[in-house]
Amino acid sequence: MLIVSVIKTSGSSIRLSDGTVAAETDVRIEQEWHGDRLKARVVNTSNQPFRIQEAVLFAGELALKPETPFYGEGFMMLCQYEGTLASPQLLGAYGTDWDFFRLPRTRYNEHLWTVYNLIQLSPEHQDPILLAFTSCNRFVGEFRFKDNYMEIVMDTEGLELEPGQSWELESFIAISSPDPHTLYERLAGDIQSNHPRKTYPEIPSGWCSYYCLRPMNALGLYENARGIAERIPELKRIQIDGGYEAHNGDWLIPRASLGADMKTICEGIRAEGVEAAGYISPFIVSTESNLFKEHPDWLVRDEEGNPFNEIGRKREWYMLDGTHPEVQNYLRHISRVMHDEWGIRYFKLDFLAYGCLPGGVRYDPKATRVEAFRQGMKAIVDEVGHDSFILGCNAPFWPILGLIHGNRVTNDIFRDWKHVSNNARELFYRNWQHDTLWYNDPDVIVLESLDLTGRKNGEVVIKKSTLTEQEFEFHKAFIAASGGMILSGDLLYQLSESNIRVLKKLIADTGKAARFDDTSFTVGRIQQEDHLTLCLFNWEDEGREMHAALEGTYRVSDYWTDEELGEFSGEIHIRMEPHAGRVLVCKPA
């Protein structure tokens, strides 16, 4: 059994909320293997209830060196981890799940590094190993490690298990293969067997207001709708992003300076021949909102019954309780008004992590945070998802399985090298998810410089564009390598004709995500029916000669310009500038 060869297991155990370990004669984990798949459950065989903090499936010394490279998923979209078992690193800009989002740090895990639901181990001179949970209906899976020690744990949140009762734990697999892509194909198939994917007939494209229209206003939305209709109808829709609302929570009340109500704005966009796409952050509530003032009982509460606020943000955001029937009715009402009265058929659901954070007291005290999140989400999805595209953003990745058509898989983009390079690396680790779990959204593509005005700590700040020409090319190449959704983040009525052509080419060719030769992410390949598309990336601060192996002889041209670059046999080699990206079309000679 693979898991035994990875972890010299000390066996399973049940850790209780009081800090003790339950006796196996009282509470135990029953495991049943079917090949490399595990089904497990917790059973209380005693005559008394137990509050169970976590179920440890496996724990012990690793049969791997501490220098073994790994990749691990975060619980939230904004968190990913890489490095080695001895020296783990955060991939992303927002801190770890437990620092920024306040996921639990307890006596059990405070000295261990934690990744969530998936870890790939890449030992030297061995096949890569993938350990992963393939369902997330109720509990969160964790992989905790330090040097050559690891635990595989289910967080059961201190819930009470009554005498004679049992809990089904989440499904688990342990697999290995010389080809990492084979591992993720297998993982995606097992996930889909537990959480059937929501399908949609196309990969949507559009224009997003967030990165170029600040402050948002009705006239700016109409101008860009005309830009779509007149210059690039392939984009199809205007994604009205956050900022139209009066306050977080009051999604049907427009901001006073918007210039019109949302029904009028959506009608005005459609009058230009363009679809209006909507936005809500369903689980966050501002203290300034009518919702907060009128329905504090709808929020997750503390032990004294006050609104609970421990969510890693300085601003006053509270969390709607997805288990509350009136909250579910409210979410249905919001989405129904947007669908029926505003004509929305595309919903971006943002800051979804805040529906699935730990702590506080919910209306249903027996529900886990995963169940609370999925109940709230289903209120929206069941109301409008039958004919509307549902896009998740800033989501808890495994708890959202099977509930959305598309999913943001990177941080926000900005026009600087730090964000472009970081987002590319975040994306490429998640390319396997595209068109298997959902359509990947790599965030918008920005093609031209634009300084943005915003506010930070009450002060007006200007975020300046600093991307070089080569860095824009890198950004274009990583969007092409994503195979995912194409959303423009530039002012369409000002965009150059050459960049309009870039968008049209991306929309026409989107669909397949690149497979990379290794985790240096320098050479990605998209195999089309009659040609190979190569995506090359120079992450370095200096120019370099790039090499990519070819099986046979190919005529090679530039993807963007169709310029012929020559004939290459066995290998392609090309000089690239610092921070540059190239997309090459390789046709068999």
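In this structure, Ile280 stands opposite Leu349 in strand 21. The model is a predicted one, where local features need pLDDT of at least 70, side-chain atom pairs count only at pLDDT 80 or more, and totals for chains, interfaces and linings use all residues. Residues are numbered from 1 along each chain as its sequence is written, and side-chain values use heavy atoms, with hydrogens and water left out.

**The open sheet**

- Strand 18 (residues 275–280) and strand 21 (residues 346–349) pair in the parallel sense over three bridges. Strands count as paired if DSSP finds at least two bridges between them, and the strands and helices themselves are DSSP runs numbered from the N terminus (helices: H or I, at least four residues; strands: E, at least two).
- Helix 7 (residues 325–340) packs on the sheet and touches both strand 18 and strand 21. The direction of helix 7 makes about 170° with that of strand 18; axes are lines fitted to C-alpha atoms, for helices over the stretch in contact, and angles run from 0 to 180 degrees between N-to-C directions.
- The sheet is open, has eight strands in the order 24-23-22-21-18-17-16-27, and shows parallel pairing.
- Its edges are strand 24 (439–441) and strand 27 (486–488), each of which pairs on one side only.
- On average, neighbouring strands of this sheet are turned by 25° against each other, direction ignored.

- Strand 12 (residues 140–146) pairs with strand 13 (residues 149–161) in the antiparallel sense over seven bridges, and Glu142 stands opposite Val153 in strand 13.
- Six of the seven residues of strand 12 are buried, where buried means under 20% relative accessible area, exposed over 50%, and partly exposed in between (1.4 Å probe, protein chains only).

**Nonpolar cores**

- In soluble globular proteins, nonpolar side chains tend to be buried together.
- The largest nonpolar core has 186 residues, and those with the most contacts inside it are Leu131, Ile152 and Tyr244. Such a core is a set of buried Ala, Val, Leu, Ile, Met, Phe, Trp, Tyr and Cys residues joined through side-chain atoms within 4.5 Å.
- A second, separate core of 16 residues includes Ala548, Val556, Phe568 and Met576.

- Ala477 is found in helix 10 (residues 469–482) and is buried, with a relative accessible area of 0%.
- The C-alpha atoms of Ala477 and Phe537 are separated by 7.9 Å, although the two are 60 residues apart along the chain.
- Glu371 sits in helix 8 (residues 369–384), and its side chain makes a polar contact with the side chain of Arg138 (3.3 Å).
- A polar contact is a pair of N or O atoms within 3.5 Å; within protein, one must be able to donate a hydrogen and the other to accept it, and residues adjacent in sequence count only if both atoms are side-chain atoms.

**Cysteines**

- The count comes to zero disulfides, a disulfide being a pair of cysteine sulfur atoms within 2.5 Å.
- For Cys212, the nearest cysteine sulfur is that of Cys208, 7.5 Å away.
- The sulfur of Cys393 is too far for a bond because the closest cysteine sulfur, in Cys208, is 9.1 Å away.

Definitions and conventions: Contact means heavy atoms within 4.5 Å.
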